[in-house]
Amino acid sequence: MALSSLLLKHIPKPPSLLIALTKPLSNIPEKTVYEGPKPQTPEHRTTLTTLRQKHRKGDPITAATAYDYPSGVHIDVAGLDVCLVGDSAAMVVHGHDTTLPISMDEMLVHCRAVARGARRPLLVADLPFGSYESSSPQAVDTAVRMLKEGGMDAIKLEGGSPSRITAAKAIVEAGIAVMGHVGLTPQAISVLGGFRPQGKNADSAIKVVETALALQEAGCFSIVLECVPALVAAATTNALKIPTLGVGAGPFCSGQDIGELPTLRQVTPKFSKQFAKVGDAINKGLLEYKEEVVNRTFPGPAHSPYRISGTDLDAFLNGLQKLGLSEAASAAAKVAENTDIIRA
């Protein structure tokens, strides 16, 4: 036996060291409100393959947005498929009026915190405004940082202008998964004139479909459809071969994104009194959300508020036919026929 081993064998060890030697190391806190996220095994981790399989089977995909460790834990415990780390942290966490001010360094702080809590879902981070628009190399460099420094699995970028399409293609070619985002794109409020829903007239609706198709062609694995009429989302989803996630886009997407969660403190100090179990309410709400998405009862008519006029509907359907998207036109027409989504 080596001399060092003999010495270690006979040196008395303090209790704290014995505990450390007999207990596996972990960065998961022992006593959090819900004991932190459970240890992950590769077969339980959500991947692009998982999402493709669900999409192929027609199983709804569930997603939510987190900005910190506690909300990441809740999304993990609820078993949602996708956890988005949104640049909306600029508004929800930092108190800005828009998403534009948040920096890449600030986003990375949020990403790392969420990644520690959400060990099961696919982690997707927004590329913040100003971090990818200048050139494809800039976009790739930013996306690489999201994965290497932020612990993310994929990135999301907004819009479908030629430069955004080029950036998405370059990032995919660099080996990084990209989620697209069309409809209401908050980073474009300067040109949109504010936070305005899209696809409410024929030209805008056709643009939503065309942009989603262009992003799919660039290699995106999924598309977020935000604040568009349900029939436009139905047509877009039908036209695509990749899954869509709806945010205020009706029940006809491949899945739903509930948006951000309230934050709370996970560890309760001994000197604190727990006056309300906010975490119980959040977990209960997430589980109900997941169940309703899976059962296709959410979103219902009350949560699909955006309308298109009968005249614009006819023009939209004709436009889809001209694009060779007859099945997408049929899907939109079926939605219009079976639901109250036409504006008088």
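Strand S8 (255–260) gives the most to the lining of the largest pocket, with five residues. This is a predicted model, in which local features need pLDDT of at least 70, side-chain atom pairs count only at pLDDT 80 or more, and totals for chains, interfaces and linings use all residues. Residues are numbered from 1 along each chain as its sequence is written, and side-chain values use heavy atoms, with hydrogens and water left out.

Helices (H or I, at least four residues) and strands (E, at least two) are DSSP runs numbered from the N terminus. A pocket is an open set of points on a 1 Å grid over the protein atoms alone, where a 1.4 Å probe fits, with protein on both sides within 12 Å along at least five of seven lines; lining residues have an atom within 4 Å of a point. Volume is the space filled by probe spheres set on the points.

| Pocket | Volume | Lining residues |
|---|---|---|
| Largest | about 550 Å³ | 31 residues |

In the largest pocket, Glu226, Val247, Asp257, Gly259 and Glu260 lie nearest the centre. Among the elements giving two or more residues to this lining are strand S2 (82–85) and helix H5 (89–92). The lining divides into 13 nonpolar, eleven polar and seven charged residues. Here Ala, Val, Leu, Ile, Met, Phe, Trp, Tyr, Cys and Pro count as nonpolar, Asp, Glu, Lys and Arg as charged, and the others, Gly among them, as polar.

Axes are lines fitted to C-alpha atoms over the stretch in contact, and angles run from 0 to 180 degrees between N-to-C directions. Contact (heavy atoms within 4.5 Å) involves Ala205, Val208, Val209, Ala212 and Leu213 of H10 with Val232, Thr236 and Ala239 of H11. Seven of these residues are nonpolar, one is polar and none is charged.

Helices H7 (residues 136–148) and H8 (residues 162–173) cross at roughly 50°, their axes coming within 9 Å. Ser136, Ala139, Val140 and Ala143 of H7 meet Thr166, Ala167, Ala170 and Ile171 of H8.
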